[in-house]
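Dear colleague,

Please find below the structure that I am handing over to you. My notes on what was found in it follow directly after.

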Amino acid sequence: MGKLIRNTVMVSVAAMLSTGINSATFADDLTLAISMRSLSNPYHATFARGGEEFAKSVGLPFEVLVTEGNSEKGLADIRALISRTNGNVCINVDPNDSPDAATIVDEAKAAGAYVVTQWNKPDDLHPWDHDPNYVAHMSFSGVGTSKEITNALIDAMGGEGGIVAIGGILSNVPAIERKLGMEMAVADTGGKVEILDFQPADWNETKAFEIMQAWLTRYGDDIKGVWAANDSMGIGALEALRQEGKAGSVPVVGIDGTEAALSAVEAGEMAGTVAWDPTWTGGMGLSLCHAAATGAIDIAAEPHAHREFYGTGIVVTPANIAEFRSRDASFDYNDYWAKSTGQIQYQ
Amino acid sequence: MASINLRALAPIGVFFLLCFVIAVFSPNFLSVSNAIRILNASAIPVVLVMGATFVILMGSIDLSVEGIVALCAVVTASLVLNDTTGANLGLWAVPFAVLAGGLIGAVNGATHVYLKVPSFMVTLGIGFVCLGIATAALGGFPVRISDRGFRALTLGRSLGLPNGIWVAAASVFVALIIQERTRLGRYVYAIGTDEITARQSGVPVERTRVLVFVLAGLFSGLAGAMAAAQLGQGHALIASGRLFTTITAVVVGGTALSGGVGSVLNSVVGVLIVVVLTNGMVLMGVPPFVQQGVQGFLIIVAVSLALDRRQLEVVK
C-alpha cells in the first residue's frame, strides 16, 4: 500500500512537472529509451543499436532497459525511468508479454510520456484510444511471412515431399502465427507436401538438434525439407544434418535473418530465411515517438494504418542473397511509414 | 561396495525397460544409426555429468554449468578461425577452454569454501556472472567458427563413431580413475557421507571441496569447446537447457542429492535414460504437449526406483 501511495505521488508530481515545462523546453529535456528482453540475442542487440543510432542523430540522452524475461522487472524499470525523467521520455518497448503493454501505456499516459510498442500487445489495445501518448504499435506479419518462407522451402524441394517442422514455445504469439502460416502454405499444395511431424523446440538450437536426430531415425530419407520457426532452431537442425553428411542436400528454412542463417543461405545449406529489420524498428520506433512528443507530427490526426503497422520482412533465398547483401539498408528517420507494409490485421 | 544389491542395478533396468518399450512402438529405435545418434546426443551431457557427479556426491551442487559452458564456448570460438577475432589456434583452443573452465571452477570452490557461502548461491551467482561476461563481450552476437579442422572435434569420425563420443568416453575413463583410484575420489565419498567424521579422520575437506569444483569446471570447459564445435559457433545462449539435463541425469542415475551415494557410471546411465527418453518420444510420436508431462513423470519413477533408501537417512 505504501508503495502504491508513493508511486501515485511520484506519478502526479511527474505529471505536474511535465505540464509545467511543456512546450518551450520540452524537446531539450527529452530522454530516449528502449526496453526489451535481453541483450544476449542478435535481434534485440540490433534493435537497441538502432535506437542508439537515432538518439545520436538527434543528440539526446539514450537508455537501454532490459527485462531479462521478467515482466515485473520490465515494468518497474519503466516506472522508474518515467518518474526519473518526470515523464519527459520516449520509450520504444518490446513488452515481455502482451498484457504488459496495457500497464506501460497507462503509466505513460498518466505521466505524459510517449510510447511505441513492438510485437506484443493485447488485440483490443489500440494507440488511437490513448492519444497522444500511445504513439504507435509496430509488428511483422507472422502468418504472411511464414507462408512466404514456407513457399520458398516447397520450391527448393521441387514442389512435393514430406517436411518436418520445428516450432517455438507453444504459447508465444509469433510461434502460433508462424506455425499457422506454414500450415496454410502446405495446405495450398493440395496434398503434394505433407507435414510428417511437428515438434516445438522452444526457440532452442540444442533442442532442435536432438529432435532433428530423432526424426532422421524415424523418417530417414522421407524428409525432403525442414521448416524451423526461427533461425536458431534452423541452424540446430542443419548441424544435426551435417553430422550425417546431409547438410545442403535437405533444404532448411528459418525466420529472423541472423548472420549464421544468411551465411548458410549463401553456402546453399539453407533454402531461405526471413530478414526482419531490427535496426529500423529500433530507430524508427524512437523517431516516430520523438516526432509525436516534440510536435513534429500530430499523431492523433494520423490514420489508423499509421498507428498500427507491419514492417517489411524480406524473404532471403539463394536467388536474392547477393542482392540482399548489397542493398541500401539506410533509411530516412523522417520518412516514418516508408517501410510499412500495411495496417496490422487481427486473426 | 561388496554388497551389490538390486537397487544399484535399477537405473540400468529402467534404461533397458525404456529401450524395450520404445522399440516395441518404433523398431527403427534399435538401428545402429539411431544408437550412434543417441550416443552422439549424449556426448556433451556425459562430459558435464562427470564433473557434476563429484560435486553432488560431496553433497554440494553446481548451478554454474550453463554459464561456464557458454563462456568457454565463446572462448573456444574466439580462439579458432572465426568471423570476429583474428585468432587461429585450431584444436589448441580446447586446452584453453578447459583451463578457463577450471579457473572459474576454482573461483566457485574458493568462494564456497573460504567465504563459507553455500555452493547453491555461489555457483548460481558465478553462472550469471559468466553469462553476463559472454553477453557483454559479444554484445549479443554469436562468434561463428569457420575452422573445419576444429569442428572435426565433434563432426569427424574415428572407427565409425563421431569423435564427440570418443571424447565423452575418455572423460568417463578419467573420471572413473579419479573416483576409484585416487585419494580425491575416496575423500569425496567420505565428505558426502559424513563431513564431520571425515574431517576428524584427517580428510582435507577444504582442499578437496575446491579441487572438486575445479574438476567440475574443467569438464564444463571441455563441454563448452564441444558445444562450440557441434554448433559451429559460440554465444551466450548456447548452453541453455543444459543445467536441467545435467542435474536430472545425475539424480536419475541414482546419485543422491544428499551426497555420499552414487558413481560416475550411474550418471552415464542417467544421461542415456534422459536422452533415450527425448529421442523415443519423438520416435513414438508422443504429442508435444504430453511430452513434458511424460518426461517429468518418468523421471520421478526412475529416481524412486534407483534410490537406495537404506543408505538415505535424511531426504531434503
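**Strand pairing, helix packing and domains**

In this predicted model, A:A33 lies opposite A:E63, a residue of strand 2 of chain A. The two strands concerned, strand 1 (residues 31–36) and strand 2 of chain A, run parallel and are joined by five bridges.

Both strands belong to an open sheet of six strands in chain A, with parallel pairing and the order 2-1-3-4-5-11. At its edges are strand 2 (62–66) and strand 11 (308–310) of chain A, each of which pairs on one side only. On average, neighbouring strands of this sheet are turned by 15 degrees against each other, direction ignored.

Helix 3 (residues 42–58) of chain A packs on the sheet, where it touches strand 1, strand 2 and strand 3 (89–93) of chain A. The direction of helix 3 makes about 175 degrees with that of strand 1 of chain A. Helix 11 (residues 278–294) of chain A lies across strand 1, strand 3, strand 4 (114–118) and strand 5 (134–139) of chain A. Relative to strand 4 of chain A, helix 11 runs at about 155 degrees.

As regards the domains, chain A is divided into domain 1 (2–140 + 278–312) and domain 2 (142–275). The centres of these two domains of chain A, taken over C-alpha atoms, are separated by 35 Å. Where they touch, five residues of domain 1 of chain A are in contact with six residues of domain 2 of chain A. On the domain 1 side, the touching residues comprise three nonpolar, two polar and no charged.

With kind regards

Methods. Residues are numbered from 1 along each chain as its sequence is written. Chains are lettered from A and ligands numbered from 1 in the order in which they are written. This is a predicted model: local features need pLDDT of at least 70, side-chain atom pairs count only at pLDDT 80 or more; totals for chains, interfaces and linings use all residues. Two strands pair if DSSP finds at least two bridges between them. Helices (H or I, at least four residues) and strands (E, at least two) are DSSP runs, numbered from the N terminus. Axes are lines fitted to C-alpha atoms, for helices over the stretch in contact, and angles run from 0 to 180 degrees between N-to-C directions. Two residues are in contact if their C-beta atoms, placed from the backbone, lie within 7 Å. Domain bounds come from an automatic or database domain assignment. Ala, Val, Leu, Ile, Met, Phe, Trp, Tyr, Cys and Pro count as nonpolar, Asp, Glu, Lys and Arg as charged, and the others, Gly among them, as polar.
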